[in-house]
Amino acid sequence: MMVDKKKPNQQNPEPCRNYKNELSLLSDEKANEVVGRSLKIYYVVESLRITNTFQYKINEFVEAHMFIIDQEVQLFLKKPKPNEDELTVESIYSGMAGIALLYNFYANKIHNKNKAIEAKLIIEKCLSILDENSDSVTYLTGKSGIFVTATEIYRDLGDIKNAKKMIEKVVDLLPLALNQKMPDVLLYGRAGYLYSLLILKKLGWEDPDRDKLIRKVVLSIFNNGIQTCDRDKPRRTSLMYKCHNKKYLGAAQGLSGVIHCLLLAKSYLTKSELDDLIKPALDYLLTLRYKSGNLPVSLCNDPDHLVQWCHGASGVTHTYALAYKVFLDEKYLNAAIQYGDIVWKRGLLTKGYGLCHGVSGNSYAFMSLFQLTGKTKYLYRAARFVDWCLTTNRQNRIPDNPYSMFEGVAGVTYALIDVQDPIGANLPGF
Ligand SMILES: [Zn+2]
């Protein structure tokens, strides 16, 4: 699903992974001219409000998608209670918790309490069939994501008592998150648990031990990263992480994704951790770039194929944008811009429209650059990519989870709603 196992082969050359973006071939001067002329199709430049035309077009799709997703929701809600051995984790990434998150997000945007109540029904069903014995702790693929989403939904509905119960459930996962066997990466490990704790803090989690607890997770992530590097002879960088026995580099399973979460937790980091651990790792990642400028999937000589949130330039655009905000080092700003240019050139993926490895996910790289630089060309690029998602039949295969938040139509719908708020738009889970 996330890991691309296909190896290039002389007889069967790899099919092209992306459509050519002809707009990326324009000279800077011409491109600026086009942005100046065409941005107004999408946004009223002075107010950064979406134009009525674009909004109507988007909302047609949002409504159609929500209708399709609704059918799945009804089937899910009607499912009989499973046997003990059929309990499961309906994650944000691929399961119904992602749909609950979308519903609550939509409910808040359109101020529709009925939609929020539907979100509550979905998440409560997820909770009722949850496999408590699962050792998945992360926000995107694990139990904490379900509890955090439930916290948010209860809070928004004014049910503080149940919101608190959900917070306790996330905190109770701490021993599991600190277990030695747990990986550190965002999708499957500690960084993904750290992300949940940071969201809880935003949702109003108050506890005298809160900061101590978050710091514990941060320290554990640093210690494992240092130890993995210490095993390398010669030692190549300050932090490195393994997932499925491989040293991945991208957002979902790799070093940059872990660094991203640590940077989000920067108020829990010491100056020395920022300067002596995070910065050298960010600099090391820059030395690993392909000739094209793209970030390799891992340290295993992977071909330069993937430009998507989970692997490659798209995810790491966000991380260097964030790194620039933290360190104010121009090198990171330039890196973010260069990664963004690769997404513009190669990010119209034939794989599909989804958030994880699709075009809507790639659109968020431009939103991140727009929010960082204020340059309208990034807003234009984000809108262009989202607009691309409104034409059907451009994906060469059906995703594994076609309705899901990270692979399917729910994520595209989330992006269609989010593009209407360019200042606040944020890829969920990152
Ligand atoms: Zn992916």
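**Note on the zinc site and selected local features**

1. Cys310 is buried, its relative accessible area being 0%. Here buried means under 20% relative accessible area, exposed means over 50%, and partly exposed covers the range in between (1.4 Å probe, protein chains only). Accessible areas come from the Shrake-Rupley method with a 1.4 Å probe, and for residues only the protein chains shown count as cover.

2. Some points on reading the model. This is a predicted model, in which local features need pLDDT of at least 70 and side-chain atom pairs count only at pLDDT 80 or more, while totals for chains, interfaces and linings use all residues. Residues are numbered from 1 along each chain as its sequence is written, and side-chain values use heavy atoms, with hydrogens and water left out.

3. Which residues coordinate the zinc ion? The donors are Cys310 (SG), Cys356 (SG) and His357 (ND1), at 1.9 to 2.2 Å. Along the chain, these donors follow the spacing C-x45-C-H. Cys310 is in the loop between H11 and H12 and Cys356 in the loop between H13 and H14, so the two cysteines tie together parts that are 46 residues apart in sequence. Donors are N, O and S atoms within 2.8 Å of the metal (3.2 Å for Na, K and Ca); water is not among the atoms, so sites may look incomplete.

4. His357 is in the loop between helix H13 (330-346) and helix H14 (359-373). Helices (H or I, at least four residues) and strands (E, at least two) are DSSP runs, numbered from the N terminus. Cys356 counts as buried at 0% relative accessibility, and His357 counts as buried at 10%.

5. An unreviewed UniProt entry lists Cys310, Cys356 and His357 under "binding site". They are spread over 48 residues of sequence but cluster in space, with a largest C-alpha distance of 6.3 Å. From this set, Cys356 and His357 are in the lining of the second largest pocket. A pocket, on a 1 Å grid over the protein atoms alone, is an open set of points with protein on both sides within 12 Å along at least five of seven lines, and lining residues have an atom within 4 Å of a point. UniProt positions are given in the numbering used here, feature names are shortened, and annotations may be inferred rather than shown by experiment.

6. The peptide bond from Lys233 to Pro234 is cis, with omega near -5 degrees. Pro234 is in the loop between helix H9 (210-230) and helix H10 (255-264), and is exposed at 64% relative accessible area. The loop between H9 and H10 also holds His244, a residue other than glycine with a positive phi, near 50 degrees. His244 counts as exposed at 57% relative accessibility.

7. Leu48 is another residue other than glycine with a positive phi, near 60 degrees. Leu48 is in the loop between strand E1 (43-44) and strand E2 (49-50), and is partly exposed, with a relative accessible area of 21%.

8. Phe67, Ile68 and Tyr403 make a nonpolar surface patch of about 290 Å². Ile68 belongs to helix H2 (residues 52-78) and counts as partly exposed at 37% relative accessibility. Patches are made of residues with over 30% relative accessible area and no salt bridge, where like charges are joined within 9 Å and nonpolar side chains (Val, Leu, Ile, Met, Phe, Trp, Tyr) within 5 Å. A salt bridge is a side-chain nitrogen of Lys or Arg within 4 Å of a carboxyl oxygen of Asp or Glu.

Key:
1 Å grid on protein atoms, 1.4 Å probe; cavity = no way out; pocket = protein on both sides within 12 Å on 5 of 7 lines; lining within 4 Å.
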